[in-house]
Amino acid sequence: MTIDEPKKTAKLEALKSIEKRWQNEWEKAHVFEANIPADKNATPEELLARHPKWMGTIPFPYMNSILHLGHGFTISKVEFAAGWERLQGKNVLFPFGFHVSGMPIKAAADKIAHELEELGPEFKRLPDDPEDTAVSANSFKKKSKMEAKTGNTKYQFQILQQQGLSNAEISKFADTTHWLKYYPSIAMEDIKALGCKIDWRRSFLTTDYNPYFDSFAQWQFNRLRSLGKIKFGNRYTIWSPKDGQPCMDHDRQTGEGVVPVKYTCVKFKVLEWESAAKSIIDAIPMLAAKDIYLAAATLCPETIYGLSNCFVNPLLEYGLFQTRDGNVVIATEHAARNMAHQDLLLSPFGDKTDGRIGTIVGQDLVGARVNVPLACSSRVFVLPSESIAADSGTGITISVPSEIPSDYLYLQKLEHLNLKTEWLDGYKPPKIISTPKYGDAIAPALCSELKITSPNDQQRLDKANQTAFNEGSNHGIMLVGHFKGQSVKEARSKVHDLLISTGEGFVFAEPESQVMSRSGDLCVVALCDQWYFSYSDTEWKNLTKKCLDGMKIHCDETRVQMENALKRLHDWACVRSYGLGSKVPWDPTCLIESLSDSTIYMAYYTVAHLLHNSLDGKVVGSLGILPQHMDDAAWDYVLLGKELPKQHSKFNELAELRRSFLYWYPIDIRSSGKDLVQNHLVFFMYAHSAVFPKHHWPGSLRINGHLMLNHQKMSKSTGNMISIRETCNKFGADATRLTLADAGDGVDDANFDEKMANAAVLTLYSLLDWITCAQKALVVADSDPEKYVQMSNIKLRPLSSAQTTADAVFNAEMDSLTILAGKEYEKTMYRSALKHGLYEFVKCREWYSSITANIGMHPKLLRKYIERQIIQICPITPHIAEHIWKMVLCKQNSIMDARWPNNLPETPNYKLLAISQYIKDIIKSARKAKGILQRRAKKKSSNGSAAVDLSKPVLLEIFITHELPKWQSKVISTLTSLFDNASAREIDDRQIIAAIETEGVQNSKYVMPFAQKIKKQMAQIGYKEFEQKARFDEQTVLNEVSGYLTATLECIAINIISLDDKPQLGKDQAAVAALAVPGDPSFLFKNA
């Protein structure tokens, strides 16, 4: 094959043409369709032993838009792993499904329907919007997750227009079914264009749109309910009043991962009002016979014994709300919305009679005298604090100056405000809690320790408040109250229970931070009857922990994150009434929640291709099994091995499904973005631990960070966004894949650099060009084993020629890099695999080509290099690998059937690697020495001639030695005794000098430079490798590469002087020779 030098974009187009060709070839040949072996007489164990398998999955993407490159990044982790496992000879399965359950598609379709009705079929009747022409007050607010995804768009049709859809096409999206047909097909095209090794026969859509998957989801729910994992009861959950259902993670625009937080709401009965408040209260007849309470939410009810006052925000408006017990509470509207959905208020919030009797501003509440529950005090006043937020708690807080540093300092500030003396007069913070570290006044102690003197020092006060909370919670002992002498941990719950039992408090809950539903509703916490997963169950949580402990986790940080998520997870509402999904089998009026139908669907992949041949399940599979055949008994048999009734009409066919499941399951790796750690991935482990026996629990878990684009967060609102399709069009599949591999492998956010992608195009094309030329040279060399071949920049010596040290070194370096690349592939660390398997491998070949420039490369080694190179990049850049494998090397089988080299040494040949490093170090050191001479020459040019004139012919003398002088030997033995891999760089020079003097070595001007050089080498390469440096014949090596050194260092000649021969040396020579050690020669440049 001849490759003409292409024009600027021709290289890219050539690579894209190659990619398209092999994608078509793979699809025609069904290369990525993985089937169980045809050995039907083998047991499942025998089948796996004879035909090892590997199955990897990622969370299926949601189909309400085209896939962006972040999806491609997560896909690439399993895609590269699939390529690596194929090279290990395994039967590889990478299946891929599409998630359409939940609210997003239904909500978006409803929006389109509404916009068609409101704006017309051409969407032209847009109302005037002042924000279109003026900067909104909210323009600079942080954007929500949905806003970041959709950009600066107000309408759903505008989001679709951004994707290039016509108005006629957009109108079809008013039907949810159109979403299910449109986006999955595009996603399949885009992932195929990336060249992924996916078995598309197993793909499916979730929800009852696919009746087969629907039966699976319903079986899963019936199974978990029968195990007692799904329960029904009254519990707190994040709730969308607008949608009338729980709002779980994937139903949210913002607030993913946010959970309800429960407070003790303490009721402070108002005993006396200030005049302004009294006039307002007296003007409302309904309040005449009512007790009125300030409702203050707290996480630490035990601190009520140290209360100094209550705080309100004088700038906020508060409401007076009638409660179910006939009394009235004062709280913010935010609190009332939550209370109303927790059955605390007389009427639902938002009704014309929502229980709100009146309103009052915080300033009018200041000065009110209240009664403190549990008979603590009847002389506590309401004081002002503008730091109280309207959207957190009830808008009323308690002040405990002895325990809360911010309260301690703020109380001091209040003394300087224009407040009535009686409100603060004589107050001294009581000592209520004692801790070992801070005594019985933790707030003053912490303020003193952290030197905090101002209540405005918010950052340090936040730290102090958190420290006080942790210290008191973990180590505090109560000094007063009903539970004096007990730990704070014990007293907290007991005080809470006491307040509830006496009617002086109630439970109040709210979202721990703001949650916005996809329908645009600000969510609350509701207390309602619902079906839920009992994830808080201790026995189930412990079983799930065993599942996690048994999994291989590809990053220590990931394990910590998963353990924390497991500890944090509580019960989870698993049904809803709005959206798309499978119906709850025992209550068809409800749907299975979108994160709850996607916990064990990986098992469905093992049989999907046998059940149906279309995403929607409308095309029946090869076994003729209909959806109605897949009842609970069928799934129990297929997935759990329970006995199948003999009269089942598909007994034999279901046996095929069972056989397929037993071969493929469990999955070997689950790879995901880090955003799913807090929900899906934990649910995934919970469900597996409950439903399946231990041997079917998942094998490993890999988490990746988010993908940035050009070092900036990907976001449509900023225009910094790119889809998989756009990337493949712009750079081609292989360059995209290579850049994704180089983007990063840990849980930190990775970066797709478009400059890197452009460079990847050139790297791949250059590799193709060079190997094509090299293969031509090899073909000529094969025709005559005694012939020298020169073709372009490829020079080969006869095939029959003996191998040199340079050949042996090149061979050792190839083996070493292949070993390293294999280890990184096995660890799923693809950036490092790419580094060793491509970039360093190419450098290794370039060095070999240079060092053998005078005699030529050995054909046998060049052929080994080419085949190794192609196999090593195959998992990451399969298209160019396949092209070279079949079209350049003329292999009969696909590269997809190739195997990783099995003739590798167990460990690298350190001796030969030491020779390689030795030669490279000589070049580096000699160039450094030459540079010093050049700088000296410039300095002396005005004072006379330099010792060496580099403008004239230069001779290089290299001094080598086999034996160390006694003093050098003692220096090395001294350093060896001090050496430690972890601290070698920190060996103190004074420590070295003292040790050397102890050995009787005179501290001459040569000793410390020599010691520093050896110390540096030991730190860089390790002691064992340092020892290896002296285990080869330097004279032979240098004689062999002298031509290369002469040309590289631009000398007319090189003299190699062995100090073992006791040569007569001049003064300058002796000074330089003294620095030579075995494996590390010294240099002297001189004019010829």
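The dialogue below takes up these topics in turn.

Tutor: This is a predicted model, in which local features need pLDDT of at least 70, side-chain atom pairs count only at pLDDT 80 or more, and totals for chains, interfaces and linings use all residues. Residues are numbered from 1 along each chain as its sequence is written, and side-chain values use heavy atoms, with hydrogens and water left out.

Student: Which residues form the positive surface patch?

Tutor: Patch residues have over 30% relative accessible area and no salt bridge, and like charges are joined within 9 Å. A salt bridge places a Lys or Arg side-chain nitrogen within 4 Å of an Asp or Glu carboxyl oxygen. Here the positive patch consists of K924, K928, R935, R936, K938, K939 and K1016.

Student: Which helix supplies the largest share of the patch?

Tutor: Helices are DSSP runs (H or I, at least four residues), as strands are (E, at least two). Helix 32, residues 910-940, contributes six residues to the patch.

Student: Why does K928 count as exposed?

Tutor: Exposed means over 50% relative accessible area, buried under 20%, and partly exposed in between, with a 1.4 Å probe. K928 of helix 32 counts as exposed because its relative accessibility is 59%. H250, in contrast, is partly exposed at 22%.

Student: Where does H250 lie?

Tutor: H250 sits in the loop between strand 4 (245-246) and strand 5 (252-254). Its C-alpha atom is 8.8 Å from that of R518, 268 residues away along the chain.

Student: What does the UniProt annotation "domain: Methionyl/Leucyl tRNA synthetase" cover?

Tutor: Such annotations may be inferred rather than shown by experiment. According to the unreviewed UniProt entry, this one covers residues 673-756. That span is 40% helix and 17% strand, with its end C-alpha atoms 22 Å apart.

Note on methods:
Patches are made of residues with over 30% relative accessible area and no salt bridge: like charges are joined within 9 Å, nonpolar side chains (Val, Leu, Ile, Met, Phe, Trp, Tyr) within 5 Å. Accessible areas come from the Shrake-Rupley method with a 1.4 Å probe; for residues, only the protein chains shown count as cover. Lys and Arg count as positive and Asp and Glu as negative; His and the chain ends are not counted. The place of a charge is taken as NZ of Lys, CZ of Arg, CG of Asp or CD of Glu.
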